Amino acid sequence: MGKPSTKRDWSQIYVIYGMEQWQTLLFLLLHAVFFSSMSVLFLLYFDPICAYIEATLLSSAAWARFAAGFAGCVTALSAVCLFYAAGNFFYSALPLHHDMAQRIVGAVSDWSTVKNALDLGCGRGILLNAVATQLKKTGSSGRVVGLAQCKRTALSTLRTANMEGVQEYVTCREGDARRLPFPDNYFDVVVSAGFVHTVGREHGHRTAEAAGERMRVVGELVRVLKPGGVGVVWDMGHAAEYVRRLQELRMEDIRVSERVTAFMMSSHIVSFAKPSEHVVGLGEVRLDWR
Ligand SMILES: C[S@@+](CC[C@H](N)C(=O)[O-])C[C@H]1O[C@@H](n2cnc3c(N)ncnc32)[C@H](O)[C@@H]1O
């Protein structure tokens, strides 16, 4: 899976796309600062803390020192883990997301022939705009549709497309990825980044219901893809499940990228092609991919 060389400064990406789920980042940072302060306090006031533990909780000085040392180590380690998690969250949400969008674009060999592309769960439009930029670069007359769950997202996505100078290549459509508002066999390319694993989350991550919802999205993705079309999905945690479903749907050329850690989870790019025609039985051609 190739990667076009479009290195950009993360601050530039931040100015355009801002930070989705900034509350999570803030939560992690505040806790990291809290635990760091606690560990500094343990370091500065170790003896008084030991004396306090000895007087109130444990009668032995040695056990009090051990307890204070242990608590100090745990708070320091927690602070390091929380800073790491905050850093990884920030990196995943912006620079890595942008990088993966370039890799997804690079997984499609020829954009010049693409007429219709779809980005499922387009969010702020990092991937959507990467696709639009590629269409613009190759001089294609194609367009990319971003599917957003609500009108507000769609409007802010169009704003980012404007800032990237690709607004004429982008449209946004409100809808649910589990029931795509598009006809069968319509798109030449369907892409998605960091989205499918969020579908069905209300049922819990590891439940059969959530897996069923994700599979519906994969089924819909395949349904709207033209025979001969290409699908590329970057997602967290469920690559094996997508591959199984794509195999069941008899997709071709299924590829899985190496593991990339994103949002503290393992993520992969899964790409595939929809066969030009698929013979199920003797002379029977299946055209309904749901
Ligand atoms: C994490 S963002 C995806 C980021 C985006 N792909 C990008 O490259 O910037 C997930 C997006 O999917 C949208 N979404 C969530 N559930 C959806 C659903 N069932 N159908 C369509 N979109 C959905 C959310 O509104 C959110 O904007």
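Helices α2 and α4 are roughly antiparallel to each other, because their axes cross at roughly 155° and angles over 145 degrees count as roughly antiparallel. This is a predicted model, and that pair is a friendly place to start a tour of the chain.

### The α2 and α4 pair

Helix α2 covers residues 22–44, and its axis comes within 8 Å of the axis of α4. As for handedness, α2 passes α4 in a left-handed crossing. Sorted by class, the contact of α2 with α4 has 18 nonpolar and 7 polar residues, with no charged residues.

In an unreviewed entry, it places the feature "transmembrane region" at residues 25–46 and at residues 66–91. In the model, the span 25–46 is 95% helix and 0% strand, and its end C-alpha atoms lie 31 Å apart. The span 66–91 is 100% helix and 0% strand, with end C-alpha atoms 37 Å apart.

### Two domains

Now step back to the whole chain. The domain assignment gives domain 1 as residues 11–90 and domain 2 as residues 109–285. Their C-alpha centres lie 40 Å apart. The two domains do touch: 7 residues of domain 1 are in contact with 9 residues of domain 2. On the domain 1 side, the elements that give two or more residues are α1 (10–17) and α4 (61–106). Of the elements on that side, α4 gives the most, with 3 residues. The residues on the domain 1 side divide into 4 nonpolar, 2 polar and 1 charged.

### The annotated methyltransferase span

Another UniProt annotation, also from an unreviewed entry, reads "domain: Methyltransferase type" and covers residues 118–231. In the model, this span is 38% helix and 25% strand. Its end C-alpha atoms lie 10 Å apart.

Two further helix pairs are worth a visit. In one, helix α5 (residues 126–137) packs with helix α6 (residues 151–164). In the other, helix α7 (residues 208–224) meets helix α8 (residues 239–248).

| Helix pair | Angle between axes | Axis distance |
|---|---|---|
| α2 and α4 | roughly 155° | within 8 Å |
| α5 and α6 | about 40° | 10 Å |
| α7 and α8 | roughly 50° | within 10 Å |

With an angle of about 40°, α5 and α6 are therefore oblique to each other. Their crossing is right-handed. Which residues meet there? From α5 come Leu 128, Asn 129, Ala 132 and Thr 133, and from α6 come Thr 157, Thr 160, Ala 161 and Glu 164. By class, this contact of α5 with α6 has 3 nonpolar, 4 polar and 1 charged residues.

Helices α7 and α8 cross at roughly 50°, so they are oblique to each other. Here too the record of handedness is simple: α7 passes α8 in a right-handed crossing. On the α7 side, the contact is made by Ala 211, Arg 214, Met 215 and Val 218. On the α8 side, Glu 241, Tyr 242, Arg 245 and Leu 246 take part. The contact of α7 with α8 has 5 nonpolar and 3 charged residues, and no polar ones.

Definitions and conventions
Residues numbered from 1 in each chain as written. Predicted model: local features only at pLDDT ≥ 70, side-chain atom pairs only at ≥ 80, totals over all residues. UniProt positions renumbered as here; feature names shortened; annotations may be inferred. Helix = DSSP H or I, 4+ residues; strand = E, 2+ residues; numbered from the N terminus. Axes fitted to C-alpha atoms, helices over the stretch in contact; angles between N-to-C directions. Parallel < 35°, antiparallel > 145°, perpendicular 65-115°, else oblique. Left-handed = near helix turned anticlockwise from the far one by under 90°. Nonpolar A, V, L, I, M, F, W, Y, C, P; charged D, E, K, R; others polar. Domains from an automatic or database assignment.
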